[in-house]
Amino acid sequence: AEADPDRPSIQWRRETASGTLTRAQFAARAGALSRRLAALGVGQGDRVVAILPNGPESLIAFAAAASLGAIWSLCSPDMGKAAVVDRFRQIEPKILIAANGYVHNGKSIDRAAFVAEVIEALPTLEKTLCANLLEAAPPLPHSEDFEAMTADDGRGAPVTAQVPFSAPLWVVYSSGTTGNPKPIVHSHGGILLEAVKFTLHADLKEDDVFQWLTASGWIMWNTQLVALLRGCRLTLFDGAPNTPDMGEVWRFAGETGVTYFGAGAAYFTACMKDGVKPTEVADLSAIRSVSATGSPLPPEAYDWIYAHVAPDCWLAPISGGTDLAGAFVGGCPLLPVRAGEMQCRWLGMAVEAWDEAGARLDDAVGELVCTRPTPAMPLYFWGDSDGSRLHGSYFDTYPGVWRHGDWIRIAPSGGSVIYGRSDATINRRGLRLGSSEIYRAVESLEDVVARLLDIVGERSA
């Protein structure tokens, strides 16, 4: 904030509101909240959790909590009570910051009663802050007003607590095959290194305008923090991407001058199937890079992006996961782009394809493994005192080697192709069909495409 304080830091749009925060304004609001949380007794190791959409409130709240050395965890307000409680109850939070509602696809969604039920199920809570984002819904009872708690107190940015490299930064969640979601703890130092690595592989510069279409419950919400750390201007879209039509996100990207655009592969597929031509509805001339993740981006989507989004862009999908809050493979600005293929292994990622016996495969489909430690490996799972759950999740197939659960082929070029989840594979007479092949076949059916567009409208992630 001290460098160019009046420069826009965050631009955001909801279906009923929009706005901009400068660097100084963002720092001042995060600083004010940090000091007021400290006055409530929040300190290093305390858990601050939130039920907030992908808007400035969630970013401000994270910055304030992290500055105190508190441990952050976030859920999307469209999640169900059981999903939220199953996550948060495991980590025994001290503070909850929650929205009283939101608007999606033109509908007002009152979440005040839902949040009250979540509060009742979290006995360790000492204080709740309410972000009154829906005028038609009541504020949360016995809560502090988020706007008042973030009002500029004239003291500027947060004073950042010094913590060890391995101090917990946040808890994110990955669904387990049985039991509660896995509460994955990442460290300050590991995530900082992973963030720096992302800026190199994404070739992010301070004058970039970064947008990733995401909900707050997806790990790509966390990736937006990388852009802020780099000094980029961040644009946030929170709403139904097909309201009033599938061109809405592209219009927002054009109006804000986005240079780096990312989304889930399913979003690009939905746009392609819908027939929208983004360059005909928006000025996207500023876009220089496009990225995708969440599922494999098929070659025909590469063709569609070059034909209808940015004909001279650098198209660089990534593949990683919540488990490491980073990417195994993705882009490199120095390498050629091949349709359907990610350009390289990312720095610090000893990625290989292995067969069932643990032998390396060259130019053949095998299990994605990482043979050496990486900067952002989980510290531990919360409550997993002996490490057995973490070990069983990643290291039980190949002792001492991380098995991620994806099929991958490492091409002779050094690039790679992801074929989807290895635990969601059909073996038909010796022919393995991964989820990417299944997606492509299913998405060729018109009835399925119609439903896919409905789902994209219901949830922006």
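A nonpolar patch, as the term is used here, is made of residues with over 30% relative accessible area and no salt bridge, whose nonpolar side chains are joined within 5 Å. In this predicted model, L192, V196, L200, L229 and L347 form such a patch on the surface, with about 480 Å² of accessible area together.

**The nonpolar surface patch**

- Helix α6, which spans residues 188-201, supplies three residues of the patch, the largest share.
- L347 lies in the loop between β19 (344-345) and β20.
- The relative accessibility of L347 is 49%, and this residue therefore counts as partly exposed, since exposed requires a value over 50%.

**Helix α7**

- Helix α7 is mostly covered, with nine of its eleven residues buried.
- The buried residues of α7 are M220, W221, N222, T223, Q224, L225, V226, A227 and L228.
- After α7 comes G231, which has a positive phi near 95°.

**Aromatic pairs**

- The structure contains 20 aromatic pairs.
- One of these pairs joins F62 and W170; the arrangement is tilted, with 6.0 Å from centre to centre and 50° between the planes.
- This pair connects distant parts of the chain, as F62 belongs to helix α2 and W170 to strand β10 (residues 168-174), 108 residues apart.
- Both F62 and W170 are buried.
- F62 also pairs with W221: the ring centres are 6.3 Å apart and the planes stand at 85°, so this pair is edge-to-face, a class that requires planes over 60 degrees apart.
- W221 is buried, as is F62.
- Elsewhere, ring pairs connect W250, F261, Y267, F268 and W304 into a cluster.

- Strand β3, formed by residues 47-51, is mostly covered, and five of its five residues are buried.
- In a regular strand, side chains alternate between the two faces of the sheet.
- In β3, R47, V49 and I51 point one way, while V48 and A50 point the other way.
- Strand β4 (residues 71-75) runs parallel to β3 and is joined to it by five bridges.
- Within this pairing, A50 stands opposite L74 of β4.
- The bridge partner of V48 in β5 is I95.

**The antiparallel sheet**

- Five strands form an open sheet in the order β21-β20-β22-β24-β25, with antiparallel pairing.
- At the edges are β21 (360-361) and β25 (416-421), each of which pairs on one side only.
- Strand β20 (residues 351-354) is antiparallel to β21, and two bridges join them.
- A353 of this sheet stands opposite L361 in β21.

Methods: Residues numbered from 1 in each chain as written. Predicted model: local features only at pLDDT ≥ 70, side-chain atom pairs only at ≥ 80, totals over all residues. Heavy atoms only, no water. Buried < 20%, exposed > 50% of the residue type's maximum accessible area, 1.4 Å probe, protein only. Helix = DSSP H or I, 4+ residues; strand = E, 2+ residues; numbered from the N terminus. Pairing = 2+ DSSP bridges. Patch = residues over 30% accessible without salt bridge, like charges linked within 9 Å, V, L, I, M, F, W, Y side chains within 5 Å. Areas by Shrake-Rupley, 256 points an atom, 1.4 Å probe, with all protein chains shown as cover. Salt bridge = Lys/Arg side-chain N within 4 Å of Asp/Glu carboxyl O. Phe/Tyr/Trp six-rings, centres within 6.5 Å; stacked < 30°, edge-to-face > 60°.
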